[in-house]
Amino acid sequence: MGRGFKQYALGPILMLYAQKSFRCLEIFGKGRKKIEPKQEHEKRVVLETIVGLLPRAKNALSISFLSMLLRAAIYLQTTIACRLDLEKRMALQLGQRIMMNFLDHDMEENRLGDEEYNESHSLRDMEQVGKLMENYLAEIASDRNLSITSFINLAEVIPEQERITEDGMYRAIDIYFKAHPALSDMERKKVCGVMDCQKLSREACAHAAQNDRLPVQTVV
């Protein structure tokens with residue numbers, strides 16, 4: 001890109017180019033459609049170049065667009081640096097943008113309204129924010145190319161105070177274990193470390209007690 005090219009104009013151009021370039025990839029299906037090695041290499045280079053050019057300005061790109069790029073990066077087996085860049089961008093927006101908007105809204109309501117009403121309303125909103133982020137984690141957990149580090153990094157973005165129960169986190173972890181049956185017991189313990197077992201519901205506890213995918217220490 002030439003010197004002086006406006007960053008705010010670069011984002012939309014890259015989005016259109018990326019959507020056109022990766023339209024043929026079945027990145028949302030369960031199976032991995034085979035493409036010619038030469039074509040796969042070309043698309044990998046294109047994707048890594050696009051990621052390197054993405055604007056650094058906050059909120060310059062949507063979560064859905066970043067999610068599409070990450071799926072394509074996993075599908076095309078790009079460099080680890082490329083995938084980490086996308087994961088960090090998403091984590092920042094999921095962990096900061098959503099939470100900052102929520103907290104700003106929450107503080108304004110507390111300033112204007114009845115304290116008792118707002119406290120109960122705030123707790124309800126906190127639970128909804130936590131569920132939204134947990135649902136996203138559960139959605140990507142089934143990807144067999146999602147590394148332990150990436151899963152944990154994204155899980156830790158969800159603030160503990162917004163997780164009224166740990167049922168959503170347990171569900172995401174269980175989906176991840178189903179998609180990654182070769183994990184060692186030590187690796188499973190590491191993944192389970194993002195979950196507070198004391199906050200599981202009775203139903204989730206009953207399920208966990210009979211879940212042979214969980215490490216023994218977690219079941220106990």
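Which are the buried residues of helix 6? They are Ile148, Ser150, Phe151, Ile152, Leu154 and Ala155. Buried means under 20% relative accessible area, exposed over 50%, and partly exposed in between, with a 1.4 Å probe and protein chains only.

This is a predicted model, in which local features need pLDDT of at least 70, side-chain atom pairs count only at pLDDT 80 or more, and totals for chains, interfaces and linings use all residues. Residues are numbered from 1 along each chain as its sequence is written, and side-chain values use heavy atoms, with hydrogens and water left out.

**Overall make-up**

- The protein chain has ten helices and zero strands. Helices (H or I, at least four residues) and strands (E, at least two) are DSSP runs, numbered from the N terminus.
- Along the sequence, the pattern reads α-α-α-α-α-α-α-α-α-α.
- The protein chain has 220 residues, and 44% of them are buried.
- Take the contacts between residues at least 6 apart in sequence: 73% of them join residues at least 24 apart. Contact means heavy atoms within 4.5 Å.

- Helix 6 is mostly covered, with six of its eight residues buried.
- Threonine 149 also lies in helix 6. Threonine 149 is partly exposed, because its relative accessible area is 45%.
- The C-alpha atoms of threonine 149 and valine 191 are 8.8 Å apart, although 42 residues separate the two along the chain.
- Two packed helices are described by the angle between their axes and the distance between the axes.
- Helix 6 and helix 7 pack at about 170°, and their axes are 12 Å apart. Axes are lines fitted to C-alpha atoms, for helices over the stretch in contact, and angles run from 0 to 180 degrees between N-to-C directions.
- That angle makes helix 6 roughly antiparallel to helix 7. Angles under 35 degrees count as roughly parallel, over 145 as roughly antiparallel, 65 to 115 as roughly perpendicular and the rest as oblique.
- Helix 6 brings Ile148, Phe151 and Ala155 to the contact, and helix 7 brings Met169, Ala172, Ile173 and Tyr176.

**Aromatic rings**

- A search of the whole structure turns up one aromatic pair. Its members are phenylalanine 151 and tyrosine 176, which are stacked at 4.5 Å centre to centre with 25° between the planes.
- Rings of Phe, Tyr and Trp (its six-membered ring) pair if their centres lie within 6.5 Å; planes under 30 degrees apart count as stacked, over 60 as edge-to-face and the rest as tilted.
- The pair links distant parts of the chain, 25 residues apart: phenylalanine 151 is in helix 6 (residues 148–155) and tyrosine 176 is in helix 7 (residues 167–179).
- Phenylalanine 151 is buried, at 0% relative accessible area. Tyrosine 176 counts as buried too, at 1%.
- Arginine 188 lies over the face of phenylalanine 177, 5.0 Å from the ring centre. A charge sits over a ring if NZ of Lys or CZ of Arg is within 6 Å of the ring centre and within 35 degrees of the ring normal.

**Helix 2 and helix 3**

- The axes of helix 2 (residues 37–53) and helix 3 (residues 63–76) come within 10 Å and cross at roughly 140°. Helix 2 is therefore oblique to helix 3.
- In helix 2, Glu40, Lys43, Arg44 and Leu47 meet Leu69, Ala72, Ala73 and Leu76 of helix 3.
- Glutamine 77 sits in the loop between helix 3 and helix 4. Glutamine 77 has a positive phi of about 55° although it is not a glycine.
- At 46% relative accessible area, glutamine 77 is partly exposed.

- Aspartate 85 is in helix 4 (residues 80–112). Its relative accessible area is 17%, so aspartate 85 is buried.
- Beyond its neighbours within four places in sequence, aspartate 85 is in contact with Val51 and Arg56.
- Glutamate 134 is in helix 5 (residues 115–141), and counts as buried at 6% relative accessibility.
- Leaving aside neighbours within four places in sequence, glutamate 134 has contacts that include Ile158, Arg163, Met169 and Ala172.

**A loop residue**

- Leucine 200 is in the loop between helix 8 (185–192) and helix 9 (202–209). Leucine 200 counts as buried, at 14% relative accessibility.
- The C-alpha atoms of leucine 200 and threonine 165 are separated by 5.8 Å, with the two residues 35 apart along the chain.
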